[in-house]
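Please read the following note with the sequence and the coordinates open beside it.

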Amino acid sequence: MDRSSTVSVAEAKSHLSEIIARVEAGDEVVITRRGVGVVKLVAMPDAKPKKIDWAAIRAFAVTLPQGSIGAGEDIRNMRDEERY
C-alpha cells in the first residue's frame, strides 16, 4: 500500500536523497510551497529494457563497406601521418 507524506520545498532541498529513497520504496511525497502542494513525487513505473534485435544488427552490419586494411593498421597509419 502506498503511503503519502508532505514536505516543504526547503525540507525537500535539504533531504532530497532521503525523499527519493522513500519514493523508490513506494511512498508518494507532495512538496509544498507555503502550505500549498506544488509537486507530487511518485516512483517511475518499472521500465522493461528493450530487447536487442540481433538479426537487424547483423543485417545492417553486412551493408557496411569493408576497408582494405584492419582498424589497427588504419590507426597506426593515421598516427604515423600525424592526422589524428
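Leaving aside its neighbours within four places in sequence, with which residues is Thr32 in contact? The model is a predicted one, in which local features need pLDDT of at least 70 and side-chain atom pairs count only at pLDDT 80 or more, while totals for chains, interfaces and linings use all residues. Residues are numbered from 1 along each chain as its sequence is written, and side-chain values use heavy atoms, with hydrogens and water left out.

1. Beyond its neighbours within four places in sequence, Thr32 touches Thr6, Val7, Ser8, Val9, Gly37 and Val38, where contact means heavy atoms within 4.5 Å. Thr32 belongs to strand β2 and counts as buried because its relative accessibility is 11% (buried means under 20% relative accessible area, exposed over 50%, and partly exposed in between, with a 1.4 Å probe and protein chains only). Helices (H or I, at least four residues) and strands (E, at least two) are DSSP runs numbered from the N terminus.

2. The largest nonpolar core is made of six residues, namely Val7, Ala12, Ile19, Val23, Val29 and Ile31; such a core is a set of buried Ala, Val, Leu, Ile, Met, Phe, Trp, Tyr and Cys residues joined through side-chain atoms within 4.5 Å. At least two residues of this core come from each of α2 (16-24) and β2 (28-33). With its neighbours within four places in sequence left aside, Ala12 is in contact with Val7, Ile19 and Ile31.

3. Five salt bridges are found in the whole structure, each being a side-chain nitrogen of Lys or Arg within 4 Å of a carboxyl oxygen of Asp or Glu. In one of them Glu28 pairs with Lys40, with the closest N and O atoms 3.4 Å apart; because Glu28 lies in strand β2 and Lys40 in strand β3 (residues 36-41), the pair ties together parts that are 12 residues apart in sequence. Glu28 is partly exposed at 21% relative accessibility, whereas Lys40 is exposed at 53%.

4. Glu73 and Arg76 also form a salt bridge, at 3.4 Å from N to O, and they are separated by about one helical turn because they stand three residues apart in helix α4 (residues 71-81). Glu73, at 35% relative accessible area, is partly exposed, as is Arg76 at 40%.

5. A network of salt bridges links Arg3, Arg22 and Asp27. Asp80 and Arg79 form a salt bridge at 3.2 Å, N to O, in which Asp80 is exposed at 54% relative accessible area and Arg79 is partly exposed at 46%.
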